[in-house]
Amino acid sequence: MDSNKKYWKGLEELNKTPEFVEKNKHEFAEPIPIEDVLSGNGLMGKTPRRDFLKAVGFGVGAVTLAACQKVPVHKSIPYLIKPEEVTPGVANYYSSTYDGHAILVKTREGRPIKIEGNPNDLLSKGGLSAQAQASVLDLYDVNRLKNPMKGTTEYEWNEIDAFVIRELAAIKTSGKQIRIVSSTVHSPSTLAVIADFIAQYPTTKHINYDAVSYTGIIQANQNSFGKAILPHYRFDKADVIVSFGADFLGSWISPTEFTTQYVQNRNNKSLQSKKMSRHIQFETGMSLTGTNADVRIPIKASEEGVALVNLYNAIAGTTLPGTKKLANNSANNAIILAAKELEAAKGKALVVAGSNDVATQVLVNAINSLLGSYGTTIDMDNYSNQYAGNDAEFVEFINEIKRGDVDAVFFLNANPAYDYFNSKDITDALAKVRLKVSFSDHKDETTSLCNVIAPNHYYLESWGDDNIIEGYYTVLQPTINPVYNTRQAEQSLLVWSDAPVKEYYTYVRNNWDKNLLAKGGLSGQKGWETLLQTGFIKVADKPAGIYSFTRDLNAVAGTILAQSDQLVASGDKKMELQLYKSVAMQDGKRANNPWLQELPDPVSKVTWDNFAALSLTDFKKLNLNEGDVITIDANGYSIALPVLLQPGQAEGTISVALGYGRTMAGPVGDGVGKNAFPFRKFRNGTLQSTNVVTIGATEDNIILAQTQTHHSYEGRNVIRETVLKDYVKDPYHGTGHTTEHKAYKSLWNEYQRPTYNWVMAIDLNACTGCGACVVACNAENNVPVVGRDEVRRRREMHWIRIDRYYSFNEAGTTVTEEKEIGKLDNLNNVSVVHQPMLCQHCDHAPCETVCPVLATVHSSEGLNHMAYNRCVGTRYCANNCPYKVRRFNWFNYWNDSRFENYIQNEHTLLVLNPDVTTRFRGVMEKCSMCIQRIQAGKLKAKIEKRPLKDGDVKVACQQTCPANAIVFGNGNDPESEVSKALRSERTYYVLEELGVQPGIGYQVKVRNRTELEA
């Protein structure tokens, strides 16, 4: 698979549509609107802007008041800094936890401004997701509740306490039931508080409810092994991985951890040993995991169960009753091939399925048992505590309310009025409940139905702990005092249950002293301080048990095949619907976060919307154009969504993302997309994300805010790819050169960089395209959010983008453009490559030569600098940049009321990094290689009177990457990690033939394919 293979960003580029050609043939994609600038909306008029005092007065007052108090009242310990002191201009780092992962919270002058992964975290090794990176912004959300409320009126906490205690006492006397409904709680201290509350009010029951549950896996393990748990999957121990609809790199269970595991058998270190794991993906819609698979086979959702039955038959050498073949012969052949490879990798094989059906997961257990996966790639003893929700239990909870048995409900981090499949059931049922209490810090869809709101602290203001993997405990400590008059939900429960200890910090401390510190070999005050510094403890793993599968599978197969028959869509307007969690929005809890809304979807590159993804065959069958709005009907519910032609989508299916369509998220998230949760169906005791829907045409068309084809390389090849067998024979295969890389000869003068030469290496085989680096860069470098309309105008401001390229799979090495066009009738068999693209900091940078005012210049350390106050905005540099990585500020985004709902909103500005200036209208900007971090690293080394060491400086994108795909450092140090990475035989430089000498080297993408699959 050599450089003759053609890659394309989107169908516009492949088809060379007139609109695409027109937009990319001019010097500038869009002219500067001189008339507007000089008219009332521009320089000669009043710029729409927030009053300065309004922008910083109340906001600074509220947050600064919290930041300037002794932070916090109970001593929290900065990471590796024992004295608790705030030095202006110097950051403090605090260990904490986000979703069970150990993190570091960077604070400046007492306010959190950045989330980083704890490099010692045992799960993701310092990597973080886009959601975790964006979470710091929600602390400053002005839409958070400011005070406790009863009805629509704000009250003092003592008044709320008195009311709730009276109500609970009356309910206890009546003998009626009390329910606590929460998303899965995996905090030991929170579980202890709930247990104490239940002891005080014995009719209380705690119900775990997850918007997207894993009940199917948990119940399948109960049925198979008598153990109702979610296993801890180990993709790092698997040589062969076969997934059926499980997007484990994007949204399935623990994608950040799984990404870290997955790349360990596929990155540069693994390939140097000429080894690489093998990954086969069967799925309906193109997922992030599917784009990274070595082999991807599109199948309908109704065929996943049938495919698993056939896989079991092939491995076990049997035929379960009712077995039938798939309609697609390629899929049948792939199943036979997968079975052979799984058998050959016994003990190092792993099969996973995304289905929430119990019978399907029982069959998966049977397959993994045949492969010897338990105790190796599946850990049932050191299991996961995530997603303990039980769908049937929640259905029974609603029935209890309908019967009049429940008189009090408490909602903790749960919003079923939005994300339950039958929200009307929730709304009608809650009307019958006497006491309804929400702990939400926003007035969301469920909170609006409650008569008491006791707003919880945000996690950055809270004490607590977490235990998402058995034996791994992390601690949560506040990094700022409460911004508003909120209180931790656990403390509210302690007060209302008249517990002996009502202060939650003391409760957490007592729980650790009594039950947890000793597990980590710690004790007393010193042990507590050590815990707060390190952030976690790890208990020795339990030895692997013996798990033998003995269940009869005849009835299981019958259930699976019957369900598959029910999902088959028949009729012209019927299609199979697959619902999925998007990488950015997930279940929609953070829909009001503009960083996440503007993060392009890894596959479609759509922002600010969900859509209906269809195959080319269905596009033609329904006579649709991109953006046409269709109606989708099922379960007595209907929505209208724009369509998107998705290469790799299974024919006869439609995929829609969950997490959109919020009505009470806040000004950013309200009305963005449509809510698809009501399309889920309760079948066989679980909620499932597949259904048969009816579609209809409308006259509307919506232009999706899609970023992928905003720039063109004019047909130049920027991707290099090969297959493992060719790489083993020739390590330089696919790079375009046959020996060690040599730079092109140049007419330019060369300059010495005696001390530092800052360069970067990006491994395309490790990068999964998750986009965490994009949000990390936004947070670190004050990159503005521009909104849907500006993205449509090609004005997004991201300094780093993840380009997604399609190519057709073809046996052989040469694919001509004519062949590509000839295959347009079949877009099912495509491969995908993700490529991070940022300023290449070229030694012979073409942007520098055309700037008339020397606003962009080269440093003596190999970096391309921008002098913002010198830039006059000619945009010549952007036009002359072959990588199209420069961004133009069309507005004063930070001080313009048209963008106030995104990030310029009262004290939301306090999340800005004070080490990085905000840019103003008319100025170009681009990646600076986090120059502020470079300077801070050099200054620290100077203060400590030592040379700068490799690893002292990590750029934001590098630090957050869970795949460790990005390495940055001093190229003058031959022992630095970046120098070693760039010496790899797989290294190539994008568009090196132009002679610009980019400072970023990429490693060739390698796929583990056979020749027939290539």
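**Overall composition and helix packing of the predicted chain**

Of the 1014 residues of the chain, 63% count as buried, where buried denotes under 20% relative accessible area, exposed over 50%, and partly exposed the range in between, with a 1.4 Å probe and protein chains only. The model is predicted, so that local features require pLDDT of at least 70 and side-chain atom pairs count only at pLDDT 80 or more, while totals for chains, interfaces and linings use all residues. Residues are numbered from 1 along each chain as its sequence is written, and side-chain values use heavy atoms, with hydrogens and water left out.

The chain contains 32 helices and 41 strands; these are DSSP runs numbered from the N terminus, helices being H or I of at least four residues and strands E of at least two. Contacts were taken as heavy atoms within 4.5 Å. Among contacts between residues at least 6 apart in sequence, 75% join residues at least 24 apart. The accessible surface of the chain comes to about 37300 Å², and 52% of this belongs to carbon and sulfur atoms. The areas were computed by the Shrake-Rupley method with a 1.4 Å probe, and for residues only the protein chains shown count as cover.

Helix α18 (residues 489-496) is mostly covered, with 7 of its 8 residues buried. The buried residues are Ala 489, Glu 490, Ser 492, Leu 493, Leu 494, Val 495 and Trp 496. They pack against α6 (157-174), α7, β14 (406-412), β15 (435-438) and α19. Leu 493, which lies in α18, counts as buried because its relative accessibility is 4%. Apart from neighbours within four places in sequence, Leu 493 is in contact with Val 193, Ile 194, Phe 197 and Phe 439. The C-alpha atoms of Leu 493 and Thr 190 are separated by 9.8 Å, although the two residues are 303 residues apart along the chain. After α18 comes Asp 498, with a positive phi near 55°.

The axes of α7 (residues 188-200) and α19 (residues 504-516) come within 10 Å and cross at roughly 105°. Axes are lines fitted to C-alpha atoms, for helices over the stretch in contact, and angles run from 0 to 180 degrees between N-to-C directions. The two helices α7 and α19 are therefore roughly perpendicular to each other, given that angles of 65 to 115 degrees are classed in this way, under 35 as roughly parallel, over 145 as roughly antiparallel and the rest as oblique. On the α7 side, the contact involves Pro 188, Ser 189, Thr 190, Ala 192, Val 193 and Asp 196, which meet Tyr 504, Tyr 507, Val 508, Asn 511, Trp 512 and Leu 516 in α19. By class, this contact has 8 nonpolar, 3 polar and 1 charged residues; Ala, Val, Leu, Ile, Met, Phe, Trp, Tyr, Cys and Pro count as nonpolar, Asp, Glu, Lys and Arg as charged, and the others, Gly among them, as polar.

Helix α12 (residues 301-316) packs with α13 (residues 329-344) at an angle of about 50°, with the axes 9 Å apart. The helix α12 is therefore oblique to α13. This crossing is right-handed; the term applies if the near helix is turned clockwise from the far one by less than a right angle, and left-handed if anticlockwise. Ala 307, Asn 310, Leu 311, Ala 314 and Ile 315 of α12 meet Ile 335, Ala 338, Ala 339, Leu 342 and Glu 343 of α13. The contact of α12 with α13 comprises 8 nonpolar, 1 polar and 1 charged residues.

A further neighbour of α12 is α14 (residues 358-370), the two axes coming within 10 Å and crossing at roughly 25°. The pair is therefore roughly parallel, and the crossing of α12 and α14 is left-handed. Residues of α12 in this contact include Leu 311 and Ile 315, and those of α14 include Leu 363 and Ile 367. The contact of α12 with α14 divides into 11 nonpolar, 1 polar and no charged residues.

Most residues other than glycine have a negative phi. Asn 623, in the loop between α23 (616-621) and β23 (628-634), has a positive phi near 55°, and counts as exposed at 66% relative accessibility. His 841 also has a positive phi, near 50°. His 841 lies in the loop between β33 (830-837) and α28 (846-850) and counts as buried at 2% relative accessibility.
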